[in-house]
Amino acid sequence: MDYRQTLDWMFARLPMYQHQGGNAYQGKLEPIRHFATRLGDPHKKFRSIHVAGTNGKGSSSHMLASILQEAGYRVGLYTSPHLKDFRERIRIDGQPVPEERVVQFIADHQPFLEKAGLSFFELTVGMAFDYFAGQEVDVAVIEVGLGGRLDATNILVPEVSLITNIGLDHTEFLGKEPRQIAREKAGIIKPGVPVVISETQEEVAPVFLEVAETHQAPLRFADQASWPEYPVSLLGSYQSRNVKGVLASLDVLKSASGFRIDEEAVRKGLARIAENTGLMGRWQILREHPRVLCDTAHNREGLELVLEQLASQTYRQLHFVLGFVKEKDLDGILPLFPKEARYYLSRPNIPRGMAVENLASAASRHGLPFNRYNHISEAYQAALAAAEPEDLVFIGGSTFTVAEVV
C-alpha cells in the first residue's frame, strides 16, 4: 500500500474517536500494553513529559516542545487530533513522521492489528512511541488524548506530569462533575513523579492534592508562584495561563531531571512556537481585510475564553462560521455567543458532525440570526462575501470545522 492507501486502511479498519465517538473509546490499558510489549516497550526507551487537561494541553505541549528544541534537545511531540494530515500527530523537532515510516509500520504489524482489536488512537500511540524510541529522541512531549487514567498514553512514566485545567468535556466518559473529571485526569500522576497543575481551581484542587499525596508525588500549582513574563507567539490572552504551567514544568525538568534550559531558550521557544512545532488552529489569523480568525476551542470553558478575547477586538460586524460534533451541549454553549453577530452554520464533514438542522434549531432557540449551508466551505465563502473589510470572521466550534478551512 502507498501512504494514501495505508491511511484509508487505518481509518476504515480501526475505530477512530474523532469520527465515531464513544464506539471507538476503549477505556482500558490492556490493549496498548499488549501492543507495546510486541513493539519492545518503546515507551521505556526515552524520557517524556505527559500533558493532560481539558483546555490548553495542546498549546502547552507545543510550547514545551519548542522551548526544548531551542535548548538543543532532540524532541518528539505527540498530539491529537490532526487538522490536515495524520502525520501532524507525530513529530520530531517539528518535522512530521515520514510517509514511508507510516507505511512501513502498518505493513510490519498489519496482521496483528487486524486481530488485536486496537483503536485508531492506540495504534497511533504505539506508532509514535516506536518512532521516538527508534529515532533516539532526548525527550518526548506526549499529550493525553482523552481523560488520563485510562488513556493509551498513560503507560508512560514521565519526568514530570502537567495537568492544565479541568472543565466539562467528554462527560459521557469522564463524569458529570468537575471532581470526577479531575480524578480521571489525575490518573496520570505516577509514584514519585513531580506533577504541575497550571491553574488552581478551588473545586478540584483537593483531588490533585489527595492523589499526589497517595503517590508521594511532589505537586505544585503553577499560578501560585511568580514567573518572568515572556512574549508568546501564540495569540490569545488565555495563553498566559498555559505559560505558567509550562514554566513550572521546565523548572521541574531542570531541578529534578538535570535538563539544561536557559532563559534564552525559553524566550526563543515561546516566540517561535508555530515555526518550531507546526502548531495550527490556536487563535490563528488566516487573512486580513476582513480579518479571519480560527480557533479549535470546542467546549464551554474553552469557548468562554475565546469569546472573551473576541470581545476585546475592534471590528464593524462580527461573523461566525460554526459547526459542532453531535454530542455537544448546545444549550450550554450557544448562550455564550453574542446575538448581534451573524452566523453561518454547517456540519463538519465527519460521521460525528452535528446535522445542520439540529444546530439551526438550537440557534433559533437562543435568538442567534443565521443562515445554514451544506458544507463548511460554503458557509465560510458566504461569510467572506458578506463581510466588509473592517469586519471580523471567526471560524470554530470544532477542530473539524477549523480543519476544513485552514
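Tutor: Two strands pair if DSSP finds at least two bridges between them, and strands (E, at least two residues) and helices (H or I, at least four) are DSSP runs numbered from the N terminus. This is a predicted model, where local features need pLDDT of at least 70, side-chain atom pairs count only at pLDDT 80 or more, and totals for chains, interfaces and linings use all residues. Residues are numbered from 1 along each chain as its sequence is written, and side-chain values use heavy atoms, leaving out hydrogens and water.

Student: In β14, which residue is the bridge partner of L293?
Tutor: Strand β10 (residues 291-294) runs parallel to β14 (residues 392-396), and 4 bridges join them. Within β14, the partner of L293 is F394.

Student: Which strands stand at the edges of the sheet?
Tutor: The open sheet has 6 strands with mixed pairing, in the order β9-β10-β14-β11-β12-β13. An edge strand has a single partner, so one side of it is left without a neighbour in the sheet. Those strands are β9 (284-287) and β13 (370-372).

Student: Which residues of helix α9 are buried?
Tutor: Buried means under 20% relative accessible area, exposed over 50%, and partly exposed in between (1.4 Å probe, protein chains only). On the other side of α9 (residues 205-214), E213 and T214 are exposed. The buried ones are A205, V207, F208, V211 and A212.
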